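Reader: Please take me through this structure with care, giving the cut-off behind each term as it comes up.

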Amino acid sequence: MMTLERPLTKNIKPNTPPMGLHAYQAAGGYEAVRQTLGRVAPADLVEMVIQSGLGGRGGGGFSAGRKWQLMPDPKADPGPRYLVINADEMEPGTFKDRLLLEGDPHQMIEGIILSAYAIQADISYIFVRGEYGTAITRLESAIGAARDAGLLGRNILGSSYDLEIHVHGGAGRYICGEETALLNSLEGRRAVPRAKPPFPQISGLWGRPTVVNNVETICNIPHIVLRGVDWYKSLGLDGESGTKIYGVSGRVKSPGTFELPMGTTLNDLIEHAGGMREGYQLRAVLPGGASTAFLLDDQLDIPLSFAGVAKAGSRLGTGTAIILDDRTCPVGMLHNLQHFFAQESCGWCAPCRDGLPWVERILAKIESGQGEMSDLALLDDIAGTLGPGRTFCALAPGAMASLVSGLTYFRAEFEQHIHTKSCGWT
Ligand SMILES: Cc1cc2nc3c(=O)[nH]c(=O)nc-3n(C[C@H](O)[C@H](O)[C@H](O)COP(=O)(O)O)c2cc1C
Ligand code: SF4
């Protein structure tokens, strides 16, 4: 069998502290920085990332290089410019960025140095989910070591490039993962999304040009620089580039994270997780976190690429699959997810602020056997009102993705709860 390349996780060993600076350098770390700063023009690095086909791993898949290209020319707009790393990771079922932050903080730092150089930013913030205390401690310690070694600060490695990295612990709100709410939070304001346009590249942190990228996106950069565009493209399947840190949770034998070629099928991913536990059958899957639509057990051969999952009617999202098995009540599962979303609505726009708690109340009513058939029509109606383009940001439409597909695929279970006035699954 062909050995899979796992550039992002090659230095990560389970239950072992991350590599320190010397071990990381001995394994080839920071070589990409040495080869780039002062030697490669920032615009050429941006072009390389465009050519690599790297799509943002925060959920949308937008070309990282094209996003960088939208930054204004620093000569035309001199002054501070920022690179912000989105490490908020509060999507239910998602734990891939945590692996990278805790497992290989120097890889994160090296990715930041290269990416900040490409967009000519001299300050970078890593916005880390507040509960990720270990990640925060390890990042701060690695940043200190990198600074002592001349890899951060002024004139990095004798080049004329300066960069400081600051770690910022979030206060634990899901909306802080939305990039403009994150920027408000970093500025010390209430974490609510901003209207777009202007996009952060034009007016971001403190009104200055800013790129916001996901942790996994940026961790790819040193490998693209060191091993080249063709190699990076060759790692992926289904026409998309690189590897992906997928995840699986639910009743599989070995839930966890798995770095596999981008475009691996859902079937293969579940096999890497050991398959279903004894006595459980897979019924449906949320392929990319709680904000994605269900796929059914006859769709397991679809490639987990951005285009592949979209073609099948869902979204790759974070690539971390949540499995619904045949012994778990789908109504209960959806109620649980909607409880989260209702709690996490930031309250900025009325349809989401009032609609999500309303959805949650109806689901609680149905689950407890108090539901009526008219509640299903009401749920369909509210879900339409909270769909894409109806609310200020994508939180509410994301919340509706699992609900709408669940109402379609598990209609019989909803009706059974209503007719029998109970949840027969408990
Ligand atoms: C409600 C909500 C929560 C989000 N949470 C995250 C998150 O935790 N991490 C993340 O990288 N992107 C998150 N995003 C997407 C970001 O807004 C943004 O698109 C992403 O950080 C861009 O990075 P990328 O281009 O590298 O994918 C979220 C979006 C929404 C609407
Ligand atoms: S959709 Fe929800 S989370 Fe987004 S701005 Fe409106 S209230 Fe806030």
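Author: Two strands are said to pair if DSSP finds at least two bridges between them, and helices (H or I, at least four residues) and strands (E, at least two) are DSSP runs, numbered from the N terminus. This is a predicted model, in which local features need pLDDT of at least 70 and side-chain atom pairs count only at pLDDT 80 or more, while totals for chains, interfaces and linings use all residues. Residues are numbered from 1 along each chain as its sequence is written, chains are lettered from A and ligands numbered from 1 in the order in which they are written, and side-chain values use heavy atoms, with hydrogens and water left out.

Reader: Which strand is joined to strand 7 by 2 bridges?

Author: Strand 7 has two partners to consider here, and with strand 9 (residues 320–325) it pairs in the antiparallel sense over 4 bridges, where V285 stands opposite I323. On the other pairing, A284 has L296 as its bridge partner. The antiparallel neighbour joined by 2 bridges is strand 8 (residues 295–296).

Reader: In what order do the strands of the open sheet of 5 strands lie, and which are the edge strands?

Author: The pairing in this open sheet is mixed, and the order of its 5 strands is 6-5-9-7-8. Each edge strand pairs on one side only, and these are strand 6 (256–261) and strand 8.

Reader: Why is strand 7 described as largely enclosed by the rest of the structure?

Author: Buried means under 20% relative accessible area, exposed means over 50%, and partly exposed lies in between, with a 1.4 Å probe and protein chains only. Strand 7 (residues 282–286) is largely enclosed because the number of its 5 residues that are buried is 4.

Reader: Which residue stands opposite N214 of strand 4?

Author: Strand 4 pairs in the parallel sense with strand 1 (residues 82–87), over 5 bridges. The residue opposite N214 is N86.

Reader: Which strand gives the most to the shell around ligand 1?

Author: A residue is near a molecule or strand if one of its heavy atoms lies within 4 Å of it, and 18 residues surround ligand 1, the closest being G58, K67, N213, N214 and T217. With 3 residues, the strand that gives the most is strand 4 (residues 210–214).

Reader: How much of the accessible area of ligand 1 does the protein cover?

Author: Polar contacts (pairs of N or O atoms within 3.5 Å; within protein, one must be able to donate a hydrogen and the other to accept it, and residues adjacent in sequence count only if both atoms are side-chain atoms) include an oxygen atom of ligand 1 at 2.9 Å from an N or O atom in the side chain of N86. Accessible areas come from the Shrake-Rupley method with a 1.4 Å probe, and for residues only the protein chains shown count as cover. Of the 620 Å² that ligand 1 has on its own, the protein covers 85%.

Reader: Is D97 buried or exposed?

Author: D97 is found in helix 5 (residues 96–103). Contact means heavy atoms within 4.5 Å, and, not counting residues up to four places away in sequence, D97 touches N86, E89, N214, V215 and E216. Because its relative accessibility is 3%, D97 counts as buried.
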